[in-house]
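Let's take a walk through one part of this protein, a helix and its surroundings, and then stop at a single residue elsewhere. Have the structure open as you read.

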Amino acid sequence: MSKKIAILGSTGSIGTQALEVVDAHPDRFEVEVITANNNVDLLAEQAIKYDPNIVVIANKEKYSELSEALANTDIKVYAGEEAIAQVVQNDSIDIVLTAMVGFSGLLPTVNAIKAGKQIALANKETLVVAGDIITRLALENKVSILPVDSEHSAIFQCLAGEFHNPIEKLILTASGGPFRGKNVEFLRKVTRCQALNHPNWSMGDKITIDSASMMNKGLEAIEARWLFNVKPQDIEVVVHPQSIVHSLIQFEDGSLKAQLGLPDMRIPIQYAMTFPERYKTDFPRFSFLDYPELTFEKADPKAFRNLDLAYQAMGKEGNMPCILNAANEVAVDGFLKQKIGFVEMSDIIEKTMMKASFIAQPTLDDYIQSNTEARAIAEEIIIK
Ligand code: MG
């Protein structure tokens, strides 16, 4: 029996690598739905190759271009974010891989869970924004959320056979990004191009900037808090520049378990798609002799304030992580468009967290409104 998969964000870094996993195991997977934001050319090319039932482009202005490109096929073509949120409920889908960027992942994930679909979660922002609602819905609908993020996949793999053993501590590893060891003075002057040049991982622009600013690790701490039901104070971050140890769990007897491997996203993507099985791959293998030194160090909280801001938001709970995420999306966009400097991203996030209305127990609608409000506040700060 093959698994029928919907890939939201199929033209991005995670989406294209998920399709490589499908290529490697063509008898095990069927691509049912693919969606993209803007990239019509690649989406159409993928549709012709994988012959899904449904293709959706989020940007409605690109609908006619996509529909013309697929005119000679019987593939259904839709446009708009609402369409993406709807098609995930389709009966034919077993598993939904959420690999879109940012807040846009929230509603499709909510709908997919309500429709009882397994979730391979690559969109960490969904859990950052509304982790309480998502985990509760998953429980109610008996849906598993399988992590794709390499750190969370590592923890998930270490948990196999350990589900009844309490976690004492999670240790998330961070590469430290391209600016590891640099001070604030240096960071003030870094360019878009320098920030997009990650030493170990090749990823989309948003997550690459988040990695350079350490916000990615802050978002991942919040993601871990919900995925593994641990307290914020039991989640530690350690910088590990080689990105070989992908994360660790410490159990109550003091024993640590880690998952290791070369930094290759296809492994965690495939594990989420094939869990609980492991399929054979021909990906390059790790050798200790190529890495005689694996090193670990503390993150610098003065240079990388985003990490602290994320922990503050996680501790405050309610809609604060949603506010943090919205402000960060706007700040990263502002940095990528060269409207603000690298260090200003943290200033914008901090100010937005102070200004936006706090809600202790938000509903889904509250989260949607908080996102809009926080984005507007952050945008206003950038214009000033
Ligand atoms: Mg990660």
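A residue is called buried here if its relative accessible area is under 20%, and exposed if that area is over 50%. Keep in mind that this is a predicted model.

Start with helix H15, residues 344–355. Now, which residues of H15 are buried? They are Met345, Ser346, Ile348, Ile349, Thr352 and Met353. Because they cover an arc of only 160° around the axis, they sit on the same side of H15. As background, an α-helix has 3.6 residues a turn, so residues three or four places apart point the same way. Over on the other side of H15, Met354 and Lys355 are exposed.

What covers those buried residues? The cover includes helices H10, H11, H13, H14 and H16. Let's pick out H14, residues 320–336. The axes of H14 and H15 come within 9 Å and cross at roughly 145°, and the crossing is right-handed. On the H14 side, the residues that meet H15 include Ile323, Ala327, Ala331 and Phe335; the H15 partners include Ile348 and Thr352. By class, this contact has 11 nonpolar, 2 polar and no charged residues.

Finally, hop over to strand E11, residues 256–260, where you'll find Gln259. Gln259 counts as buried because its relative accessibility is 13%. Leaving aside neighbours within four places in sequence, Gln259 is in contact with residues including Ala154, Cys158, Val245 and His246.

Technical notes. Residues numbered from 1 in each chain as written. Predicted model: local features only at pLDDT ≥ 70, side-chain atom pairs only at ≥ 80, totals over all residues. Heavy atoms only, no water. Axes fitted to C-alpha atoms, helices over the stretch in contact; angles between N-to-C directions. Helix = DSSP H or I, 4+ residues; strand = E, 2+ residues; numbered from the N terminus. Left-handed = near helix turned anticlockwise from the far one by under 90°. Contact = heavy atoms within 4.5 Å. Nonpolar A, V, L, I, M, F, W, Y, C, P; charged D, E, K, R; others polar. Buried < 20%, exposed > 50% of the residue type's maximum accessible area, 1.4 Å probe, protein only. Arc of directions from axis to C-beta.
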